[in-house]
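Please find below a short note on the structure under review.

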Amino acid sequence: MLENYFPVLMFIAVGLVLGGVLLAVGRILAPHKPDPKKLSPYECGFEAFEDARMKFDVRYYLVAILFILFDLEIAFLFPWAVVIPDIGFFGYAAMMVFLAILVVGFVYEWKKGALEWE
Amino acid sequence: MSASDLPILLPAYGEILLLVLASAILLVDLFLPERLRGLTHWLSLATLAACFVLTVQVVRATGGQAAYTFGGMFVADLMANVLKLVVYAAVAAVLVYSRRYLAERGMLRGEFFVLALFATLGMAVMISANHMLALYLGLELMSLCVYSMVALNRDSATSTEAAMKYFVLGALASGLLLYGMSMLYGATGTLDLTQMAQVIAVGQVNGVVLVFGLVFVVAGLSFKLGVVPFHMWIPDVYHGAPNAMTLFISTAPKLAAFAMAVRMLVNGLIDLAGDWQQMLVVMAVLSMALGNFAAIAQTNIKRMLAYSTISHMGFMLLGLLAGVVGGNRFSAPDAYSAAMFYTVVYVLMSLGSFGMVLALSRAGFEAEELDDYRGLNQRDPWLAFLMLLLMFALAGVPPTVGFYAKLAVIDAVIKAGQIWLAVVAVLLSLVGAFYYLRVVKLMYFDEPRDAGPIAPGRDVRWLLSANGLAMLVLGVMPGSLMALCLVAVQGLYPLAR
């Protein structure tokens, strides 16, 4: 029972070692010239520490939502691509229908100007 | 790879056509020049008509038998097809009623039609679902479209507030529903409703987990139906949404919610009827009481009809809870067909009464206060007469069809031996009669306050006449519709044997 978890232990060990090694290598080999800009925390173009209730462009939402949509589409494609020999024509056709529906949405958003920033 | 491993698509032809045409309308509307935008309206109506005809053909091809596809996830039995036909007709009527209202308020855009069609698709999937996930998928497709329809008038603070409330509470309800589904899956090991019924019938299931899941599923269900104690969103959403959207959400989605209740509780969980019937008793009585008493206090007709919806959905639940008596399903077809008849009739009544609100409105005037109906008889006797028929039907006055709908349900309740419940239902309906008859009194015995023109288009006037007179015609001859509901319910899987 317990030995079933051995790969997990290996995974944790390798993860710890690899993480430590990479940090150490960076510390030893990389040039080390800090300046204030480099040391400040970075967060997607916003100031990291300020009032959360500030105004920002509503277009971020649009871009974020569209990104998530098409990102998820890709996430669906990966498992589909792995099993495509087993799922036959039906599996293939189902994904094509799914993509066709997404294309309809894509044409709509493009034509409506959702992809234009200005 | 070959085409032979495709599932048989025949049972889902209507939905496939609807999806293709709705997507096509979305694209066509994008590329239409501004002066041809009216075309979208006609294309949407043609789409619904085509789906209607195709569904009739599917019934012909399957001979009214239950046909399964997509690995048993999707079923086209007679109940599904009949309800879908009513949904297509109801949505088409909504489009006709709301055309002028939307045009006067600058909301007659392609998005409205496309959202309405996709919501219809969601309802059709819900109605035909034989699997919890298919049911959920249809529900979300419908709900997301409806949320955005409520918010379509972006500049109105009340619409946005209504949409926000609807969305938050709807998301909560979906969460409850999903949680309940996961419990049921944990107890039975399947999400397929037919298999679930079989597993439960065998009896080796953890009863506590099962009932726990059932409670959550019923809670989610009653959110969607809008019955007490999960009714809070109904008055605010009905009131805040633009009238055309109120018309939409008060009609076709009720059929879908009814189908969802039947699929879950009857198709999947009929062996737990002893448990869920008790819950429905409480919700039905509370809904009828709260709906009818709160409606009396309203001065806004949309809010009044919203509370009336709550009480009517409570009444419909009476039919659902009278099916199984002491483990005996002998009277189930009668009870469930009474509930189905009630729902279909309620949708017709709601269509007419909100259609009237739209017909009386004009640019800058919503016709949503009760005072706006004072003296309608002097201003337009025919419309006043139609409204009288609709209000009588809602109140359940013979010879309108509302009476027979109530009679059938109460008959089923008495046959189930719940005399006290029948008495409560009749008494609370009597309370409800007050506020419906008050509208009639305002129309016929008061002086008009509003002197603006009443100018519904000719198409609206014809449709409204047909809708109002249907109350009378169906009331005199309810037999064929009742028989259809009975046959449809008898075809349900657990009752067919």
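This is a predicted model: local features need pLDDT of at least 70, side-chain atom pairs count only at pLDDT 80 or more; totals for chains, interfaces and linings use all residues.

1. Residues are numbered from 1 along each chain as its sequence is written, and chains are lettered from A in the order in which they are written.

2. Helix α18 of chain B (residues 419-445) has 27 residues and reaches 38 Å from its first C-alpha to its last, close to the 39 Å expected at 1.5 Å a residue. The expected span is 1.5 Å times one less than the number of residues.

3. The axes of α12(B) (residues 273-296) and α18(B) come within 8 Å and cross at roughly 20°. That makes the two helices roughly parallel (angles under 35 degrees).

4. Where α12(B) meets α18(B), the residues of α12(B) include Val285(B), Met288(B) and Phe293(B), and those of α18(B) include Leu421(B), Leu428(B) and Tyr435(B). Contact requires C-beta atoms, placed from the backbone, within 7 Å. The residues of this contact divide into 14 nonpolar, two polar and no charged.

5. Among the buried residues of α18(B) are Ala425(B), Leu428(B), Gly432(B) and Tyr435(B) (buried: 20 or more other C-beta atoms within 10 Å of the residue's own). The buried residues of α18(B) pack against α12, α13, α15, α16 and α17 of chain B.

6. Between the chains, ten residues of chain A are in contact with ten residues of chain B. The chain A side has eight nonpolar, one polar and one charged residues.

Methods: Axes are lines fitted to C-alpha atoms, for helices over the stretch in contact, and angles run from 0 to 180 degrees between N-to-C directions. Helices (H or I, at least four residues) and strands (E, at least two) are DSSP runs, numbered from the N terminus. Angles under 35 degrees count as roughly parallel, over 145 as roughly antiparallel, 65 to 115 as roughly perpendicular and the rest as oblique. Two residues are in contact if their C-beta atoms, placed from the backbone, lie within 7 Å. Ala, Val, Leu, Ile, Met, Phe, Trp, Tyr, Cys and Pro count as nonpolar, Asp, Glu, Lys and Arg as charged, and the others, Gly among them, as polar. A residue is buried if 20 or more other C-beta atoms lie within 10 Å of its own, exposed if 12 or fewer, and partly exposed in between; C-beta atoms are placed from the backbone.
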